[in-house]
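Hi,

Here is the structure we talked about handing over. Have a look at it first, and then read on for what turned up in it.

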Amino acid sequence: MSAVEYRYCPRCATPLAAIEADEDAGRRTRLRCPACGFTHWNNPTPVLAAVIECADRDGRLLLARNAAWSGRMFGLVTGFLEAGESPEEGIRREVAEETALQVDALSLIGVYDFQRMNQVIVAYHVLARGEIRLSPELAEVRLFAPHEVRCWRAGTGLALADWLRSRGFEPQFFEPVRD
């Protein structure tokens with residue numbers, strides 16, 4: 001089992017254990033409470049991602065470098081879906097919060113699993129405009145012509161590659177350096 005958020009049952013404080021049990025899909029081992037039966041499902045977290053095309057900058061794509069990232073990799077603007085909002089509302093909020101851009105239009109690119117982070121990524125093409133002002137979450141942004149971007153072979157990189165293909169560009173891939 002991977003690292004988990006819960007070590008103790010939130011109902012009765014008993015230490016959770018890896019226990020196999022019958023479920024609808026068959027026998028599964030999950031963290032469960034041996035005292036009260038609580039199950040920690042460890043469901044993936046929904047994450048939103050934006051391929052931002054700047055309508056007022058000749059259709060260039062905005063890629064961002066997160067302030068928490070080491071190195072110089074630029075990626076899509078992403079964020080968590082919040083309770084009570086639709087994915088469309090969430091991606092509009094994330095783009096506004098992180099870049100201050102106004103969203104003119106958006107369309108779904110696809111849904112991608114990112115098992116390394118236990119996430120499901122819902123990716124959108126976002127047509128936006130306005131003055132770029134970065135949130136503290138971002139260290140910098142760069143604008144690229146679609147043919148200049150390079151994709152990574154996981155999560156949001158696959159979404160970017162699908163968007164490029166939809167526009168007639170054959171994506172070029174690279175392997176990011178992990179620290």
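Let's start with Leu160, which touches Val51, Leu61, Leu76, Val149, Arg150, Cys151 and Trp152, leaving aside residues up to four places away in sequence. Contact here means heavy atoms within 4.5 Å.

Before going further, a word on the ground rules. This is a predicted model, where local features need pLDDT of at least 70 and side-chain atom pairs count only at pLDDT 80 or more, while totals for chains, interfaces and linings use all residues. Residues are numbered from 1 along each chain as its sequence is written, and side-chain values use heavy atoms, with hydrogens and water left out.

**The cores**

Which residues touch the most other members of the largest nonpolar core? They are Val149 and Leu160, out of 20 residues in that core. A nonpolar core is a set of buried Ala, Val, Leu, Ile, Met, Phe, Trp, Tyr and Cys residues joined through side-chain atoms within 4.5 Å. "Buried" means under 20% relative accessible area, "exposed" means over 50%, and "partly exposed" is in between (1.4 Å probe, protein chains only). The elements giving two or more residues to this core are β4, β5, β7 (102-114), β8 (119-129) and α2. The largest share, five residues, comes from α2. Those element names come from DSSP runs, numbered from the N terminus: helices are H or I with at least four residues, strands are E with at least two. Another core, of 16 residues, lies apart from this one, and its members include Leu48, Ala50, Leu62 and Leu138. As background, nonpolar side chains tend to be buried together in soluble globular proteins.

**The strands**

Five of its seven residues are buried, so β5 is largely enclosed by the rest of the structure. Two strands count as paired if DSSP finds at least two bridges between them. Strand β4 (residues 45-54) runs antiparallel to β5, joined by three bridges, and Glu53 has Leu61 in β5 as its bridge partner. Five residues lie between the strands in the hairpin of β4 and β5, and there Asp58 takes a positive phi near 55 degrees. β5 also pairs with β9, in the antiparallel sense and over six bridges; Leu62 stands opposite Leu143 in β9.

Elsewhere, three strands form an open, antiparallel sheet in the order β1-β2-β3. β1 (17-23) and β3 (39-40) each have a single partner strand, so one side of each is left without a neighbour in the sheet. Strand β2 (residues 26-32) and β3 are joined by two bridges, and Arg32 stands opposite Thr39 in β3.

**The charged pairs**

How many salt bridges does a search of the whole structure find? There are 16, taking a salt bridge as a side-chain nitrogen of Lys or Arg within 4 Å of a carboxyl oxygen of Asp or Glu. One of them is between Glu20 and Arg27 (3.3 Å, N to O). Glu20 is partly exposed at 45% relative accessibility, and Arg27 is partly exposed at 48%. Glu23 and Arg30 form a salt bridge too (2.7 Å, N to O), but both of these residues are buried. Then there is Arg129 with Asp104 (2.5 Å, N to O). Arg129 lies in strand β8 and Asp104 in strand β7, so this pair ties together parts that are 25 residues apart in sequence. Salt bridges that share partners also join Glu82, Glu85, Arg93, Glu94 and Glu97 into one network.

**The rings**

A search of the whole structure finds one aromatic pair. Trp152 and Phe174 form this pair, which is edge-to-face, at 6.2 Å centre to centre and 70 degrees between the planes. Rings of Phe, Tyr and Trp (its six-membered ring) pair if their centres lie within 6.5 Å; planes under 30 degrees apart count as stacked, over 60 as edge-to-face and the rest as tilted. Trp152 is buried, with a relative accessible area of 6%, whereas Phe174 is partly exposed at 28%.

Finally, the charged end of Arg153 sits over the ring of Phe173, 4.2 Å from its centre. That counts if NZ of Lys or CZ of Arg is within 6 Å of the ring centre and within 35 degrees of the ring normal.

Cheers
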